[in-house]
Amino acid sequence: MTTAPVVSPSLSRLHSAPASPFPKAPVGSGAGVAFPARPYGPSLRLRSAVMAASGVGGNGSPMAPEESAVSSRLGEVKRVTKETNVHVKINLDGTGVANSSTGIPFLDHMLDQLASHGLFDVYVKATGDTHIDDHHSNEDIALAIGTALLQALGDRKGINRFGHFTAPLDEAAVEVILDLSGRPHLSCGLSIPTERVGTYDTQLAGNNSHHIIEATFKAFARALRQATEYDLRRRGTIPSSKGVLSRS
């Protein structure tokens with residue numbers, strides 16, 4: 001997966017962005033997804049090799065000409081280890097419906113941002129050894145979401161491929177740049193001032209960890225939405241001068 005988020009202090013670029021039942025999809029395999037971000041100062045670049053696909057742009061994107069019969073681009077993944085049990089479903093052509101229960105309340109809140117601002121339908125159910133640490137659940141949920149995206153995006157014909165969005169949240173601003181090229185790479189200069197975001201906020205302006213992380217998910221959602229939407233002028237062709245986008 002290849003994505004590239006960049007964070008900048010500028011708040012000047014901001015794009016503005018119904019509930020539906022979540023459709024079922026076949027289980028498959030794929031690769032993980034990286035979440036970008038970082039506020040202030042040097043740019044942060046994240047490129048994730050999420051694959052793109054053909055289908056109907058129910059999120060407001062135009063229809064891929066040769067795929068007009070397809071109603072939604074769906075992905076579903078179940079991942080079970082000795083540490084976690086994760087079930088993820090995603091509809092790229094959804095309406096922003098979120099149904100998440102991960103055992104990590106703050107992560108549930110961030111997945112709500114992904115659904116709402118990306119206009120994706122996102123279902124995530126997970127149990128894990130959170131009595132020890134959140135790490136294993138966070139990691140396996142990310143892997144499952146990336147795999148579901150890989151499935152849902154399919155052959156990537158006709159999509160925009162590139163996405164770029166800056167999301168402000170009070171004193172924080174996060175810029176995300178995505179290239180759904182299939183080349184795995186992540187550059188992330190995100191600086192989060194606290195190790196945990198607790199129930200009570202004690203950080204000063206400009207250093208609020210909650211705002212930095214939330215702005216990251218919002219910017220990622222919007223950039224991913226841009227990159228996965230259809231470009232009518234491409235007429236369903238692969239968005240690459242090589243004529244192919246790698247899946248590895």
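Tutor: From the N terminus on, the elements of the protein chain follow the order β-β-β-β-α-β-α-β-β-β-α. That makes 3 helices and 8 strands, where helices (H or I, at least four residues) and strands (E, at least two) are DSSP runs numbered from the N terminus. This is a predicted model, in which local features need pLDDT of at least 70 and side-chain atom pairs count only at pLDDT 80 or more, while totals for chains, interfaces and linings use all residues. Residues are numbered from 1 along each chain as its sequence is written, and side-chain values use heavy atoms, with hydrogens and water left out.

Of the 248 residues in the protein chain, 51% are buried; buried means under 20% relative accessible area, exposed over 50%, and partly exposed in between (1.4 Å probe, protein chains only). The accessible surface of the chain is about 11200 Å², with 53% of it belonging to carbon and sulfur atoms. Such areas come from the Shrake-Rupley method with a 1.4 Å probe, and for residues only the protein chains shown count as cover.

Helix 2 covers residues 135–153, and its 19 residues should span 27 Å at 1.5 Å a residue, which agrees with its end C-alpha atoms being 27 Å apart. The expected span is 1.5 Å times one less than the number of residues. Helix 2 is mostly covered, with 14 of its 19 residues buried.

Leu-119 is one of them, with phi near 55°, and it sits in the loop between helix 1 (105–118) and strand 5 (121–128). Leu-119 is partly exposed because its relative accessible area is 23%. Arg-235, too, is a residue other than glycine with a positive phi near 55°. Arg-235 lies in the segment after helix 3 (209–228) and counts as exposed because its relative accessibility is 66%.

One more loop residue is worth a look. Asp-93 is in the loop between strand 3 (84–91) and strand 4 (98–101), and it counts as buried because its relative accessibility is 7%. The side chains of Asp-93 and Arg-73 are joined by a polar contact of 2.9 Å, that is, a pair of N or O atoms within 3.5 Å; within protein, one must be able to donate a hydrogen and the other to accept it, and residues adjacent in sequence count only if both atoms are side-chain atoms.
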